[in-house]
Amino acid sequence: MEELLILLASYGITFGLQQKAEILRGKHKLLDQMLDCTYCTGFHSGYLAYGLKKMIDLSQTGKMDASVAEGVTYAFAGSAFSYLADSVGRYLESNSDPLDIEEE
């Protein structure tokens, strides 16, 4: 369950960086390219979400048990999960009928 929370946090960070963080756009070409790629942004979001979880654990238990291998694993898992979630979301958006709301 903890792993799913980290993956969801990774997707949330990815979505936020790509869709809501306009302040990051137009500053560096490489950053713009990363923000256009869900897989790339998801990779960085994966290790950020993992790091945040480990910081929470440190504040609660006083122990740091993070590993580089685990961080890299979450980076790749975050990229795959973000790409999958984004692809499903785009598919659903493009194949759904718009709602017709009747005015009174």
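Which residues do ring pairs link into a cluster? In this predicted model, the cluster consists of Phe-43, Tyr-47 and Phe-76, joined by ring pairs. The following paragraphs begin with these rings and then turn to the charged side chains, a threonine and the cysteines.

A pair of aromatic rings is described by the distance of the centres and the angle of the planes. The count of aromatic pairs in the structure comes to 4.

The charged residues come next. Side chains of opposite charge can pair when their charged atoms come close. The structure holds 5 salt bridges. Among them is the bridge between Arg-25 and Asp-36, in which the closest N and O atoms are 2.9 Å apart. This pair links distant parts of the chain, 11 residues apart: Arg-25 sits in the loop between α1 (2-20) and α2 (29-36), while Asp-36 is in helix α2. Arg-25 is partly exposed, with a relative accessible area of 25%, whereas Asp-36 is exposed, at 59%.

Asp-57 and Lys-53 meet through their side chains in a salt bridge of 2.6 Å, N to O. The two residues lie 4 residues apart in helix α3 (residues 38-61), about one turn of the helix. Is Asp-57 buried or exposed? With a relative accessible area of 14%, Asp-57 is buried, because the cut-off for burial is under 20%. Lys-53 counts as buried too, at 16% relative accessibility.

Asp-57 also forms a salt bridge with Lys-54, where the closest N and O atoms are 3.8 Å apart. Lys-54 and Asp-57 are 3 residues apart in helix α3, so about one helical turn separates them. Both Lys-54 and Asp-57 are buried. Through salt bridges that share partners, Glu-2, Lys-53, Lys-54 and Asp-57 are joined into one network.

Helix α3 also contains Thr-38. Thr-38 is buried, with a relative accessible area of 7%. Its side chain makes a polar contact with the side chain of Gln-18, at 3.3 Å. Leaving aside residues up to four places away in sequence, Thr-38 touches Thr-14, Gln-18, Ser-82, Tyr-83, Asp-86 and Arg-90.

The cysteines complete this account. A disulfide is a covalent bond between the sulfur atoms of two cysteines. How many disulfides does the structure have? The count comes to 0. Cys-37 is partly exposed, with a relative accessible area of 24%, and Cys-40 is likewise partly exposed, with a relative accessible area of 30%.

Terms used
Residues numbered from 1 in each chain as written. Predicted model: local features only at pLDDT ≥ 70, side-chain atom pairs only at ≥ 80, totals over all residues. Heavy atoms only, no water. Salt bridge = Lys/Arg side-chain N within 4 Å of Asp/Glu carboxyl O. Buried < 20%, exposed > 50% of the residue type's maximum accessible area, 1.4 Å probe, protein only. Disulfide = S-S within 2.5 Å. Polar contact = N/O pair within 3.5 Å; in protein donor to acceptor, adjacent residues only side chain to side chain. Contact = heavy atoms within 4.5 Å. Phe/Tyr/Trp six-rings, centres within 6.5 Å; stacked < 30°, edge-to-face > 60°.
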